[in-house]
Amino acid sequence: MTAPTTVPPALEAERLTKVYGRGNTEVVALRDVSLQVAAGEVVALLGPSGAGKSTLLTALGLVNPPTRGRILVRGQAVLDGDRALTDLRAFRRRHLGFVFQKANLIPFLTALENVQVALEINDVPPREARRRGLELLEYLGVADRARNHPDALSGGQQQRVAVARALANQPDVILADEPTAALDSHRGRQVMELFARVAHERGAAVIVVTHDHRALDLFDRTFEMEDGRLRVGNGPASGGPSGIGG
Amino acid sequence: MNLAVRDIRHHLARFVLTTVGIGLLLMIVMGMGGIYRGLITEAILLVDRIGADLWLVQGNTRGPFAEISRVAANLEDRARAVPGVAGARRFVSHTVQRAHHGRPLRIVVQGLSWPEDRGAWLPLVAGRPLGQAHYEMIADRTLGLALGETIQLGKDHYTVVGLTQGMVGSGGDGLGFFSVADAQAIQFDEPPEAVRLERAARFERVTRTDLGRVQPALAERGAGPAADIPALGRPLVSAVMVTLAPGADPAAVAEAFSRWPDVTVYTTAAQRDLLLSGMVDKARRQLGLFRVLLVIISAIIMALIIYTLTLDKLHDIAMLKLIGARNRVIVGLILQQSLLIGALGYGLAWWLGQYAFPRFPRLVVIETADLLALAAIVLAISVLASLLGIGKALRVEPNKVLAA
């Protein structure tokens with residue numbers, strides 16, 4: 001008889017608290033936020049401006065450490081409070097992918113090179129990086145713009161290239177901060193569909209901060225944030241068993 | 001993937017303009033070094049080329065270049081009598097400025113001891129050495145005189161029979177070679193009225209003495225040409241150059257001359273030192289300091305340019321950090337651009353210098369050792385200039401991307 005194996009969540013946040021400033025100027029941006037996202041799951045973070053969504057996302061992205069609490073990726077603890085338990089930059093390189101409201105593509109690189117650079121940074125040889133970069137652009141439907149610089153791409157195309165870059169190193173977690181805010185509703189939905197496809201086909205956990213309630217049907221679960229607290233959302237797809245509101 | 005090259009390719013116009021600016025600045029630094037070397041070369045050119053082993057100058061002076069020296073022309077004959085001396089020549093040198101074709105023409109008039117010295121040692125690029133004792137000259141090209149052209153100096157006309165290249169005096173004026181007699185005629189030329197007044201003054205002085213009164217013929221002789229008065233000495237020369245016999249001991253010959261109380265003897269090396277430590281030294285130090293200032297200014301400008309280029313890329317650098325780029329990727333991006341600007345600027349400076357420096361009014365000498373030293377300095381400047389930008393880039397937080 002074999003013992004049952006438990007797969008750790010792709011991303012786990014334990015009682016995250018983030019405090020900015022001190023004394024009279026103290027602002028608590030996150031209050032005991034806990035969250036688990038499984039591999040292949042697409043999660044939406046909703047909430048008004050200033051609720052703490054972006055703070056949570058940057059904390060989960062290991063670029064803005066919490067004041068207290070732990071962050072684990074695939075069961076490995078990487079942050080304990082503001083103490084790094086590993087080389088965070090190297091960890092981001094291998095395990096995390098980012099997409100933003102603006103595509104934030106590097107303007108002096110072509111679409112293909114923007115994807116390729118993420119691979120080469122992770123020690124993939126240039127020829128292989130080029131091949132995989134082209135594959136990703138093909139997957140996202142922008143292979144025909146591979147040789148164009150970002151200023152020659154539409155907003156939607158730029159965002160697809162940004163998604164390709166985020167996917168380049170087959171990350172465990174993709175963090176997206178209002179990725180459709182600069183797009184029209186049609187293109188916004190296309191991008192959200194893309195995230196859902198990426199999560200389901202490639203097994204990445206995707207967390208999307210969004211104000212766009214029109215595409216919530218594409219998410220496996222939704223959470224709402226208010227005053228630094230996280231709770232299960234009321235949307236079409238609300239928090240399931242693996243989500244724990246703080 | 002080389003990010004530095006891709007950034008440059010994307011902002012090619014800005015990079016080219018920056019490189020041209022740095023290149024021009026480095027050309028000035030290179031040129032200052034060349035002017036400094038040219039100053040030294042010009043200063044010691046004649047001493048090195050004229051082929052003298054010893055210089056006999058007026059006693060207790062540092063002539064004939066560092067200060068005025070006057071010695072009797074017959075010192076030449078006395079010098080020839082010293083054991084170990086193979087030959088002696090008179091040295092006459094002075095600068096004249098005349099109008100020529102409506103423009104000022106400065107000539108360093110150089111006397112050649114005709115007939116022993118006809119200028120055969122000169123680096124002639126056209127024409128021939130002097131062929132007669134009078135009315136011929138060899139001119140340096142910087143004077144702008146053509147072969148066969150005639151120029152009036154004093155009361156006489158001189159025909160250019162030979163042309164030299166790069167023979168200039170310590171002041172940068174072109175040299176003109178004449179026989180010593182002609183050089184002195186040019187030097188001591190006086191207007192006829194001044195000659196008549198001098199003769200009348202001589203006559204007056206003689207007739208006021210008893211000797212003049214009892215011997216009227218003496219007073220009449222005094223009123224004639226100076227050359228007809230045996231009591232008057234021959235015109236003075238600036239120095240006498242001595243050539244040693246093969247195998248002669250220079251120290252022993254110099255020791256023999258040093259016992260003569262009316263002259264001071266210098267070796268060619270000592271004459272060179274006098275020139276460099278005296279006449280040229282202040283100009284040399286001034287150019288040296290100016291050069292140091294230019295290097296510092298270049299470093300500051302390069303640092304500012306690299307820093308500005310880095311500021312333009314801070315968002316992209318933050319993005320690279322966010323996706324996990326190592327510091328060496330960021331450092332490489334900035335340092336490679338700095339080195340490229342430095343290297344291309346240096347190459348441009350050298351290339352432009354090939355065309356510009358020969359057109360400078362004074363000699364610019366670019367030596368390989370100086371080029372290598374400047375290359376090392378540019379390399380150091382490029383690295384130092386990038387430090388400011390690198391420091392800024394390494395401090396930028398990856399979440400700057402999110403803030404944007």
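# A tour of chains A and B

Start by selecting A:Asp123, which is found in the loop between α3 (111–121) and α4 (126–139) of chain A. The model on the screen is predicted. The backbone at A:Asp123 has a phi near 70 degrees, which is a positive value in a residue other than glycine. Is A:Asp123 buried or exposed? A:Asp123 counts as exposed because it has 11 C-beta neighbours inside 10 Å, and the limit for an exposed residue is 12 or fewer.

**Second stop: A:Glu178**

Stay in chain A and select A:Glu178, in the loop between β8 and α6 (185–202). Here too phi is positive in a residue other than glycine, with a value near 45 degrees.

Next, select residues 96–99 of chain A, which form strand β7. Which residues of β7(A) lie on each side of the strand? A:Leu96 and A:Phe98 are on one side, and A:Gly97 and A:Val99 are on the other. All four are buried, which leaves both faces of the strand covered.

To find one of the bridges, pick A:Val99 and look across to A:Ala176, its bridge partner in β8(A).

**Fourth stop: where the chains touch**

Show both chains together. The contact between them takes 25 residues from chain A and 17 residues from chain B. On the chain B side, at least two residues each come from α1 (3–10), α11 (314–322) and α14 (400–403). Which of the elements of chain B gives the most to this side? It is α11(B), with four residues. Coloured by residue type, the side of chain B that touches chain A divides into nine nonpolar, four polar and four charged residues.

Along the principal axes, its C-alpha atoms fill a box of roughly 115 × 50 × 40 Å. The radius of gyration of chain B is 32 Å, whereas a compact globule of 404 residues would have one near 22 Å. Of the 404 residues, 38% count as buried. Among the contacts in chain B with a separation of 6 or more, 77% are between residues 24 or more positions apart.

Select residues 250–258 of chain B, helix α8, and pick out B:Val253, B:Ala254 and B:Phe257, which are buried. These residues are on the same side of α8(B), because they cover an arc of only 100 degrees around the axis. In general, an α-helix has 3.6 residues a turn, so residues three or four places apart point the same way.

Turn to the other side of α8(B), where B:Ala251, B:Ala252, B:Glu255 and B:Ser258 are exposed. What covers the buried residues of α8(B)? The cover includes β1 (54–58), β2 (85–91), β10 (239–244) and β11 (263–267) of chain B.

**Last stop: B:Pro115**

Finish by selecting B:Pro115, in the loop between β4 (103–112) and β5 (124–127) of chain B. The peptide bond that joins B:Trp114 and B:Pro115 is cis, with an omega of about 5 degrees.

How values were computed: Residues are numbered from 1 along each chain as its sequence is written. Chains are lettered from A and ligands numbered from 1 in the order in which they are written. This is a predicted model: local features need pLDDT of at least 70, side-chain atom pairs count only at pLDDT 80 or more; totals for chains, interfaces and linings use all residues. Two residues are in contact if their C-beta atoms, placed from the backbone, lie within 7 Å. Ala, Val, Leu, Ile, Met, Phe, Trp, Tyr, Cys and Pro count as nonpolar, Asp, Glu, Lys and Arg as charged, and the others, Gly among them, as polar. A residue is buried if 20 or more other C-beta atoms lie within 10 Å of its own, exposed if 12 or fewer, and partly exposed in between; C-beta atoms are placed from the backbone. Two strands pair if DSSP finds at least two bridges between them. The arc is that of the directions from the helix axis to the C-beta atoms. The radius of gyration is taken over C-alpha atoms; the globule rule is 2.2 Å times the number of residues to the power 0.38.
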